[in-house]
Amino acid sequence: MKTFEIKEEFLVDGQPVKLISGAIHYFRLPQSQWEDSLYNLKALGANTVETYIPWNLHEPQEGQFDFEGMNDFTTFVNMAQDLGLLVILRPSVYICAEWEFGGLPAWLLKEPGIRLRSADPRFMEKVKNYYKVLLPKIIPLQITHGGPVIMLQIENEYGSYAMDKEYLRQTKQLIESYEITVPLFTSDGTWLEALDAGTLIEDDVFVTGNFGSQSKENSQVLKAYFEEHGKKWPLMCMEYWDGWFNRWGEPIVKREAKNLANEVKAMLEVGSLNLYMFHGGTTFGFYNGCSARGNNDLPQLTSYDYDALLTEDGEPTEKYYAVQQAIKEVCPDVWQAEPRKKSLQDLGDYPITASVSLLHTKDKMMDGLSSLYPLTMENVSTGYGYVLYSLALKNYQHENKLRIIETNDRAHVYADGHFQLVQDQTTLGEEFMVHGQAGNEQIQLDVLVENHGRVNYGAKLNNPAQTKGIRGGIMQDIHFHQGYVHYPLPLDQEQLQKIDYDAGKDPSHPSFYQVTFDLMEPADTYIDCSSYGKGVIIVNGFNLGRYWNRGPIYSLYCPKDFLKAGKNEVVIFETEGVEIYTLKFSAEPNIETANEQ
């Protein structure tokens, strides 16, 4: 069997090797793209691929596990081995990755007061139950068992969050109890406080850094930290940021190819690196994460293009060739080749087949759940998507003063079927007025609350605001109202099949738009959303993710995997009262001009 050791150098079967790695998240690519993406990484001159394993994707409901289809990471790892790549796995329960809740499952929030990413016994019990299923799948993939996996991560950037060494040690011991024999590692920012808090260097756990510039300066910090602790380890940047993620309503940030190539070259001259990202892909469904800036939460885009070496759809960029040349200059003996290219198609325009108001079809789609006070999204559903709260207010025959208390993240308000206003994190909790219909004893109030994505990094991880929906209640005048009916909208395939398109349309309401059409042959494509407002698009039951006219991207990537030869159905859920007339495909994304940095 092969061996991998970390001494003064990385050793494979006793021979020194410089790790040239790239990040590819199997869960952000359709399966048909795995092989091309891995091949292009190999053709770059790399010898290793790195990926996270997101807990919330593989255990979407507590005790229910999913490792099929795009979640089948073992097939991805074996495919990498077939191409001659080594593999770095990061199965830490927290991944950040601009992923919903940093990979933590929403159902954890059903446990009041649980302390996430800590030695809290309640949290560790959940981790143990997950690892009991996950780690046996990893055991045969290790290089010591004939597989390609050379390293496993214990925790991710923990030094940017806490300093609970007992939690790190318990996690290490738990992983090692499952016959994990390859080296374990941590990855943190390269400054003393982060390294001191986030590593287990005193327990001989390998330490890597995360950065994207000033390669030699950051490497020197790592080296000094090793020397302080009597270690003579090789230097490695586990996340060499070659681009950056993007948020709704902000300009796209890009990095100049030559600048990146020069920095990659400098890093390879002193150590090893993992390009984050090599191929970013797409954050499908409701799995986009959220940044926290002060009191504001800033949800991240569906596209995870990241200005990486391959575009969102997998096309090599200028960066690809610049970095390929930089690798060759430092490591002249590496194997390199021309990358595989992508072909995308404009599949045409198709008229809307049918539409219906959510308020008119909701009772056909599900049974409403009644309670005296509002329930959170986690307690009525999966914790993702939307919840419609319906209630009957007393009509006092004059302006009615209302407030929506402790609510996340965005609420549309309708009174007697008429749109009133939208509130988000900057305005939720503020007072507003509604008018009832003269003579009516009640006002029918409907509040659609959307989960924009949970914060995936920083101090807000344990914040009560990570619980979505209405936590407090709706106040009429200065008293809390009682009597709610909940309509959760995870928009899964079973729920979508129950939409009654004959129930009555009203484009001013949150609405479902159905498009049916035939294709001769599926192809990779984009859906142009530039004339839409805000919502999600589901193709043959698969949720492509969110669109929003705030930009900076006005399209959704639609891989051929989700289309069919023959009849197709696309459902658009539009929340902004924008009437949709056409489904428009395009051979390229619709993106605002980016800022070069």
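## Basis

The model is predicted: local features need pLDDT of at least 70, side-chain atom pairs count only at pLDDT 80 or more, and totals for chains, interfaces and linings use all residues. Residues are numbered from 1 along each chain as its sequence is written, and side-chain values use heavy atoms, without hydrogens and water.

## Annotated domains

UniProt, in an unreviewed entry, assigns residues 374-489 to "domain: Beta-galactosidase 1-like first all-beta". UniProt also lists residues 510-568 as "domain: Beta-galactosidase galactose-binding", again from an unreviewed entry. Such annotations may be inferred rather than shown by experiment; feature names are shortened, and positions follow the numbering used here.

Residues 374-489 are 3% helix and 50% strand, with the end C-alpha atoms 15 Å apart. For residues 510-568 the figures are 0% helix and 56% strand, with 23 Å between the end C-alpha atoms. Helices (H or I, at least four residues) and strands (E, at least two) are DSSP runs, numbered from the N terminus.

## Helices α7 and α8

Helix α7 (residues 215-228) packs with helix α8 (residues 257-270) at an angle of about 30°, and their axes are 8 Å apart. The axes are lines fitted to C-alpha atoms over the stretch in contact, and angles run from 0 to 180 degrees between N-to-C directions.

On α7 the contact (heavy atoms within 4.5 Å) is made by S215, K216 and S219, and on α8 by E263, A266, M267, E269 and V270. These residues divide into three nonpolar, two polar and three charged. Ala, Val, Leu, Ile, Met, Phe, Trp, Tyr, Cys and Pro count as nonpolar, Asp, Glu, Lys and Arg as charged, and the others, Gly among them, as polar.

## Aromatic pairs

Rings of Phe, Tyr and Trp (its six-membered ring) pair if their centres lie within 6.5 Å; planes under 30 degrees apart are stacked, over 60 edge-to-face, and the rest tilted. The count comes to 43 aromatic pairs. W241 and W244 form an edge-to-face pair, because their ring centres are 5.5 Å apart and their planes lie at 80°. W241, at 23% relative accessibility, is partly exposed, as is W244 at 35% (buried is under 20%, exposed over 50%, partly exposed in between; 1.4 Å probe, protein chains only).

Y532 and Y547 are also edge-to-face, because their centres are 5.4 Å apart and their planes at 65°. Y532 lies in the loop between β28 (525-528) and β29 (534-539) and Y547 in strand β30 (residues 542-548), so the pair ties together parts 15 residues apart in sequence. Both Y532 and Y547 are buried.
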